[in-house]
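Subject: Structure for you to look over

Dear colleague,

I am handing over the structure below, and my notes on it follow directly after. Please read them with the coordinates open beside you.

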Amino acid sequence: MAEKEKIEKHSTGESLLHGLFRMIQVVKIHQSNNRLFNDILIDFKAALDDVWESGRPAAFSLYRGRFFLNDERIVYSPSMWATSTKMSEFFIERGINGLKFLPKDELTNEELVSMVDTLNQAKRFPDPFEWLYNQFDSKSNWVVPSKDEDRKISGSGAQELSEGGYKAVVQTEGLPGAEQQARKIYSQALTVLRGLVDRVTAGKKAGVQKCKRIVQELIDLMSDDWPLYLALSTIRDHEDQIFTHSINATILSMAIAQRIGYTKTATEQLGLTALFHDLGKAGDFKSTADKSDSLDNHDLAVIQNHTLGSISRIIRLNASFNLKLSLLPPVSEHHLGVDKSGYPQTGRDNELSLSGRILAVADQYDAMTSWRPWRNQTLSPTDAIKEMTSFSGTLLDPLVLRLFAEIMGPWPVGSLLILDSNELAMTKAVRPGSSPLPPAVLLHQSQEGGLLKGSSIELSECDENQRPKRQVLSCLSPVSFGIQPTDYLI
Ligand SMILES: [Fe+2]
Ligand SMILES: [Fe+2]
């Protein structure tokens, strides 16, 4: 990928959200006659006009942390992640899920400034939404806040939500060939897995040929470009987490299998197992998975039953009996500890399969580093491996875990690092057989508050006194900051 920072073209939705964010920030320090502020106001009005020209209002809605413009999900460019997270917090603090700008003939700078001032002030009131609603109702007739947009989105917007999710993680425009190909494979994997899950949950026949082809393509990518292959496992998507989690567990399981020396056929089989290991989580399970409060006993029972759900769905797949039989042991074991703790308890005393132990490690790592609605904190890649080490010999196999830790290195791919050079970087991958210190890419703050991709660096690079040029101060979870690592890695 070119080292030069990307120049991004913002969509109308992005421009409006970005413009609103900038106005909210700048109004606190500048008067409307300030030149910078004036430019921001002009840009925002131009973006509003783009929408109004069609005779429609410009209606933002916030649904599960994602913004929509007129029910169409806004697909962000990389620099917009931080802005979108801050705007999402801004909406939540004011108790609003929607903000509609009705078409208006003459919109003055003063009216825009007054709108932004009102939005900023609302946080101080006990019921910010009600205060905002009354203020806009009495002062202006062109801005309407709302707090019911999530229900509206669940209708036609639900489709947009899913498709938008895919767009967000698999944009390939402008990428070099290998990286474009890698994202395409991931995109196909999402489409194929979603199609299979739709059929399975609807009780229809579902074949596995397309899934086999995806697994084979991933294996080819692994042998062609190991760093790129591992980087793909950092793709996260909140709404489609069951699918991205399954694909990431597939990538990581096959990486461990390759190091152990699995044959290609055995690796393929493990890949399919990982792809299907959480099939029991699709469908009705989702309402439990999406719960934002802590889980009660009933929820835990539902979660623990997903292993049996996966087994029953695998049995119903349209595939050969032998293939299905080979997938079942690791799937049934992926939450069972090597000390026989975990679930589901079957009372049997035989050893877990090696594939089951590999899948358990890959599964735990992706789960710990991914966002979950009921959990306050997402672990950084480094903390996840530390946490997993505390389960060595109980839930997780010590040797498989050690091998996985070696593959990922001290700063696994997709780690957000704060460096003592006052720089922010993201690790790219560990080179097999070389220094454990990985190459990384620097991240720069853009003027708008987002993050831009900078130049590549070597964390192992030393100065003339043979001292490391940069030391890592801390490792953070990109997910906690709304950052999609692949936007900077691939
Ligand atoms: Fe599971
Ligand atoms: Fe899982």
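In helix H1 of this predicted model, the buried residues are Gly13, Glu14, Ser15, Leu16, Leu17, His18, Gly19, Leu20, Phe21, Arg22 and Met23. That makes 11 of its 15 residues, so H1 is mostly covered. The helix runs over residues 12–26, and because 15 residues at 1.5 Å a residue should span 21 Å, the 21 Å found between its end C-alpha atoms agrees with expectation.

Turning to the strands, there is an open sheet of 5 strands in the order S3-S2-S1-S4-S5, and the pairing is antiparallel. Strand S3 (72–73) and strand S5 (143–146) stand at the edges with a single partner strand each, which means that one side of each has no neighbour in the sheet. Going through the sheet pair by pair, S2 and S3 are joined in the antiparallel sense over 2 bridges, with Leu69 having Glu72 in S3 as its bridge partner. These two strands form a hairpin with 2 residues between them, and in the turn Asn70 has a positive phi of about 50°. Strand S1 (residues 58–63) pairs with S2, again in the antiparallel sense, over 4 bridges, and here Ser61 has Phe68 in S2 as its bridge partner. Strand S4 (residues 98–101) and S5 are likewise antiparallel, with 4 bridges between them, and Lys100 stands opposite Val144 in S5.

Next, the nonpolar cores. The largest of them has 81 residues, and the members with the most contacts inside it are Leu193, Cys211, Ile256, Val361 and Ala362. Helix H10 (residues 241–260) supplies the largest share of this core, 10 residues, and the core draws at least three residues from each of domain 2 (172–376) and domain 3 (416–489). Leaving aside residues up to four places away in sequence, Ile256 touches Ile358, Val361, Ala362, Val400, Leu403, Phe404 and Ile407. Apart from this core lies another, of 33 residues, and Leu17, Phe91, Phe101 and Leu132 are among them. Leu17 is also one of the buried residues of H1.

Tyr343 and Pro344 are joined by a cis peptide bond, with omega about -5°, and Pro344 is placed in the loop between helix H15 (321–333) and helix H16 (354–368). Asn422, which is not a glycine, has a positive phi near 65°, and its place is in the loop between strand S6 (416–419) and strand S7 (424–427). Because a residue with 12 or fewer C-beta neighbours within 10 Å is taken as exposed, Asn422, with 8 such neighbours, counts as exposed. Gln466 also has a positive phi, of about 60°, although it is not a glycine, and it is found in the loop between strand S9 (451–458) and strand S10 (472–476). With 6 C-beta neighbours inside 10 Å, Gln466 counts as exposed too.

With best regards

Notes
Residues are numbered from 1 along each chain as its sequence is written. Chains are lettered from A and ligands numbered from 1 in the order in which they are written. This is a predicted model: local features need pLDDT of at least 70, side-chain atom pairs count only at pLDDT 80 or more; totals for chains, interfaces and linings use all residues. A residue is buried if 20 or more other C-beta atoms lie within 10 Å of its own, exposed if 12 or fewer, and partly exposed in between; C-beta atoms are placed from the backbone. The expected span of a helix is 1.5 Å times one less than its number of residues. A nonpolar core is a set of buried Ala, Val, Leu, Ile, Met, Phe, Trp, Tyr and Cys residues joined through C-beta atoms within 7 Å. Domain bounds come from an automatic or database domain assignment. Two residues are in contact if their C-beta atoms, placed from the backbone, lie within 7 Å. Two strands pair if DSSP finds at least two bridges between them.
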